[in-house]
Amino acid sequence: MQHKDAIYMARAIRLAEKGCYTTDPNPNVGCVLVKDDKVIAEDWHIKAGQGHAEVNALSQVENAKAATAYVTLEPCSHFGKTGPCCDALIAAGIQRVVVAMQDPNPLVAGQGIKRMREAGVQVECGILQQQAEAINPGFIKRMTTGLPLIRSKLAMSLDGRTAMSSGESKWITSANSRSDVQKFRAESSAVLTGINTVLADDPSLNVRLDTDVIQPIRVILDSTLQMPLSAKMLDLEGQTWVLTCSYEQHKVSKLEAAGCKVFQISAKDDRLDLNEVMLFLGQKQINTVLVEAGATLNGALMSENIVDEWVVYMAPCLLGDEGRGLFHLPSMQNMADKKLLKMTSARQVGPDLRLIFKTQ
């Protein structure tokens, strides 16, 4: 790897990050075109269905012949809503293509690189690969496993409480933390909660940022179709999906008339099978799910080992031992049953602490 390759690829990665709120379900991709050690064009994939990063960059120059293209993800080799990017680079006379990472889709991985090499283009792969992977974790997980990346956001007091015993919970954490959560929502394909949270809090679950953003799909787990037709979220921009194991058609019809999409998922112990829920969401091209729920659903997710990342905001306050806890885990009776987590990040957000854990 040449030193300049890393510099230009880092620039392409910064460009790719600009699409992190708008490209879903596509990956974030950036492209920089360099000729005679000068950047002649650069762009990124802005929105699904629109031009890919390579095509956008090529459209800015009349002559890209003998240039080097730095691309954060292997140029596509298939026809989707747009044509193959590898063909566009070949047709433009690009001499060398530097790729950060192969396409994780097992159906196409390596095909774009192979086609360019067969056309005489010099291709190098693996430049700043880890940094490139970090901007598309949900897309990579869905392409390699069929499942979305699952994050759960939790807010607690210093003594591990999420609400008073009465259920009152607004607000444990600061405005700084609540603003930080908006960014996690904006990066997500879907925000998921349980029906008990909807009934108790009537949440909006939408993104409130002063920037262009695709509103995540609001996913409600509602085994017996208790979803109120008066729910605030039904009047907001974006889709609301109700996942249920009930077949009561009159309730389904009313929810559909109110603007919901209702999907039947198989049950496990008279509740929605959470593994089937996540498989269904992956099949619906959901890359990243942000869970914002209470102790019951988070306890069930923890028990099933479904969550990839736990994002915990801890506020410098105490709610007392009568307050409600983070997880409902009644089966844990002995120290041998304890769940081990690995902390991957700790950062102060206003007066609060944001801790990110992965399940071991």
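Is tryptophan 310 buried or exposed? I looked it up: tryptophan 310 counts as buried, at 1% relative accessibility. For my own reference, buried is under 20% relative accessible area, exposed is over 50%, and partly exposed lies in between, with a 1.4 Å probe and protein chains only.

Before going on, a note on the source: this is a predicted model, where local features need pLDDT of at least 70, side-chain atom pairs count only at pLDDT 80 or more, and totals for chains, interfaces and linings use all residues. Residues are numbered from 1 along each chain as its sequence is written, and side-chain values use heavy atoms, with hydrogens and water left out.

Next I checked aromatic pairs (Phe, Tyr and six-membered Trp rings with centres within 6.5 Å; planes under 30 degrees apart are stacked, over 60 edge-to-face, the rest tilted). I found five of them in the structure. One is edge-to-face, between tryptophan 310 and phenylalanine 327, at 5.1 Å centre to centre and 80° between the planes. Tryptophan 310 sits in strand E15, phenylalanine 327 in the loop between strands E16 and E17, 17 residues apart. Phenylalanine 327 is partly exposed, at 26% relative accessible area. I also noted one aromatic cluster, made by Trp241, Phe263 and Phe280.

Then the whole chain. I get eleven helices and 18 strands, taken as DSSP runs (H or I, at least four residues; E, at least two) numbered from the N terminus. Buried residues make up 49% of the 360.
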